[in-house]
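Open the model in your viewer and keep the selection tool ready. This tour tells you what to pick next and what is there.

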Amino acid sequence: MRRELIATALAERLGELRGGISARLAPEKFREDEGFVSEVRALLLNASAADLNDSVPEVSAPGAWTEADTDCLASLRALSLGQTLRLRPGRPAPVDSFLEALTISRGDPAERFRLLAERYSCPPNFTLPSEDAVREHVLTRLMAQDRARVERETIEAVNADDLLLRLSLVALYAARASDLRFLDALNYYYELLPAGWQPRGSNNWLLASYFALYARALAARIG
Amino acid sequence: MRAGILANSLPAALRIYDEVKRVEGCEPFVILCPAAEESRTHSLARHLARLLLKRGRLKSLRLLSGRRVFLFQAPLDHPQSIARLGKLRLDVGLHKAGSIYRDPTIKAFRLGILNPHIGLLPEFRGRNVMEWSLILGQPAGITVFFIDSGIDTGREIVLREEVDLSHCASLAEARQYLFDLDARYFRRALELLRSNNFEHQVNDGSGRRYFVMSKLFRGVVEKIIEAKS
C-alpha cells in the first residue's frame with residue numbers, strides 16, 4: 001500500500017510537471033540556448049513515462065569511474081535529452097581532498113560550481129558509491145542552508161548556476177537510488193521555485209536540465 | 001537532581017514542570033529565554049502577555065513567586081546566560097526552546113541537556129523524522145537523548161521507544177500526539193537517570209540525516225496515517 005501511494009503521488013507529480021512545463025520553460029527567454037530548451041520542452045510534453053524511464057542514464061559498473069568525451073555541462077545537456085554518453089574508463093581524483101575543498105568553498109557558490117563541474121565532468125560519476133560523502137554534503141547544503149535561505153529571502157538570494165547544477169546531479173542519482181531523500185529534494189525544490197522563475201545565471205538552461213532529469217527520476221520510480 | 005526546563009514561554013514549560021516534579025528527588029526550574037533574534041523588550045512583553053492571557057495564571061504566579069522561574073534576558077548561548085546557568089548549578093536541562101545549543105551552554109549542565117526527539121535514533125536524525133519513518137515503512141517513536149552541538153548526534157540515549165500512532169486520524173494529529181508526549185518522556189528519562197542500574201544506549205551515528213519533507217510526500221504520509229487509523 002505504501003509503495004503504491006508513493007508511486008501514485010510521483011505519477012501525479014510527473015503529470016503536473018509535464019502539464020506545466022510550457023509555463024515554466026519559455027524557450028525564447030533562454031537566448032542562445034533556446035534550441036536546447038525547446039527540445040527539452042518538446043520531449044517532456046510528448047514522451048510517455050515509460051519513454052522517460054527508458055532513457056534514464058545507465059551508470060557504469062559500481063565503483064567504476066568513467067570519463068566522457070564532453071565536459072560536465074555538455075554531458076548534462078545530452079543526458080537531459082536522453083542521449084547516451086560515450087564513456088571510457090577513468091581514474092578518480094581522491095574524494096577526501098575534494099570534499100575538503102567543497103566544504104571550504106561553502107560560502108563561494110561560483111567556486112563550488114567550478115569544483116563540481118570539474119570533478120563530475122562525466123556526471124554519472126556522481127552516482128558512484130565512492131561519492132557517498134559528497135552526495136551527503138550536496139544534499140545537506142541544498143536542503144538545510146540553501147532551502148532556509150530561499151525561504152527566508154527569495155530564490156534570487158542563491159546562485160542559480162550552482163543551485164541548478166547540484167539539483168541536476170542529485171536528479172541523476174535519484175533516478176537509480178532507493179534513498180528517497182534525494183528524490184524528495186527535487187520534489188521540494190519543484191514546489192519551492194517560483195513557477196515563472198527565470199534564472200539569472202550564465203548557464204540558466206540548467207533549469208531545463210533540472211526539469212528533464214527530475215522527470216526521468218520520477219519516471220524511474222514509477223516504472 | 002536540579003532540572004532546568006529551557007523554554008521560550010511559561011505555558012509551554014508548565015506541563016513539563018508538573019510532570020517532572022513527580023520524580024522523586026527532582027527539583028524543577030523553568031529557564032525562560034528569548035527566542036532567536038528576539039529583543040529583550042519584545043521577550044518581556046511576550047511573557048507578560050502570555051501570563052495575563054493564557055490559562056494557568058495562578059500556577060505561573062506561584063512559580064514566579066516561589067523563585068522557580070528565571071527570566072533570561074539574553075539568548076542561552078550568550079556568555080551572560082551561560083554564567084547565570086552556571087550559578088544555578090543545574091544537573092540536567094530539558095529542551096523545550098526553539099534553540100540550537102552550543103557546547104558552552106550544554107556544559108553548563110552537569111549531565112547535559114535532554115531532547116525528546118520525535119523519531120527513533122540512531123536511524124532517523126534531522127527534520128520531519130516521524131513522516132520519514134512512516135513513508136519508509138518504519139515504526140514511529142521517541143528518543144530522549146543528551147544533545148551535542150550536532151544535528152541529533154548526541155551519543156547518550158536515555159530512552160528510546162516505538163509509539164503507536166494508529167489512533168491518530170491525520171498527520172497533524174500524529175505530530176501533535178508525539179510532541180505532547182514530551183513531558184511524560186522527560187519524567188521517565190529522569191527516573192531512569194536516577195535509578196542505580198541505568199546504562200545509556202549509544203547513538204552511533206549510523207543513521208541518516210533527514211530533511212524537511214516536500215508537500216508531495218507529506219500528502220503520501222497523510223494517506224498512510226488515514227489508512228492505518
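**Before you start.** This is a predicted model: local features need pLDDT of at least 70, side-chain atom pairs count only at pLDDT 80 or more, and totals for chains, interfaces and linings use all residues. Residues are numbered from 1 along each chain as its sequence is written, while chains are lettered from A and ligands numbered from 1 in the order in which they are written.

**Stop 1: a helix in chain A.** Select residues 72-80 of chain A, which form helix H5. Helices (H or I, at least four residues) and strands (E, at least two) are DSSP runs, numbered from the N terminus. Which residues of helix H5 are buried? They are Cys72(A), Ser75(A), Leu76(A), Arg77(A), Leu79(A) and Ser80(A). Buried means that 20 or more other C-beta atoms lie within 10 Å of the residue's own; exposed means 12 or fewer, and partly exposed is in between, with C-beta atoms placed from the backbone. The buried residues of H5(A) pack against elements including helix H3 (34-46), strand E1 (66-68) and helix H11 (206-222) of chain A. After H5(A) comes Gly82(A), with a positive phi near 80°.

**Stop 2: the largest core.** A nonpolar core is a set of buried Ala, Val, Leu, Ile, Met, Phe, Trp, Tyr and Cys residues joined through C-beta atoms within 7 Å. The largest one has 128 residues. Select Val170(A), Ala171(A), Leu186(A) and Ile5(B), which have the most contacts inside it. H11(A) gives this core its largest share, 13 residues. Next, zoom in on Val170(A). Beyond four places in sequence, its contacts (C-beta atoms, placed from the backbone, within 7 Å) are Val138(A), Leu139(A), Leu142(A), Phe182(A), Ala185(A) and Leu186(A).

**Stop 3: where the chains touch.** Chain A brings 15 residues to the contact, and chain B brings 16 residues. On chain A, select helix H1 (2-19), helix H8 (132-152) and helix H10 (180-192); each supplies at least two residues of the side that touches chain B.

**Stop 4: backbone details in chain B.** Go to Pro122(B), in the loop between strand E5 (112-117) and strand E6 (124-126). The peptide bond from Leu121(B) to Pro122(B) is cis, with omega near 10°. Then pick Arg89(B), whose phi is positive, near 50°. Is Arg89(B) buried or exposed? Arg89(B) counts as exposed, because it has 11 C-beta neighbours inside 10 Å. Finish at Asp152(B), where phi is also positive, near 55°. Asp152(B) is buried, with 23 other C-beta atoms within 10 Å.

Notes: Two residues are in contact if their C-beta atoms, placed from the backbone, lie within 7 Å.
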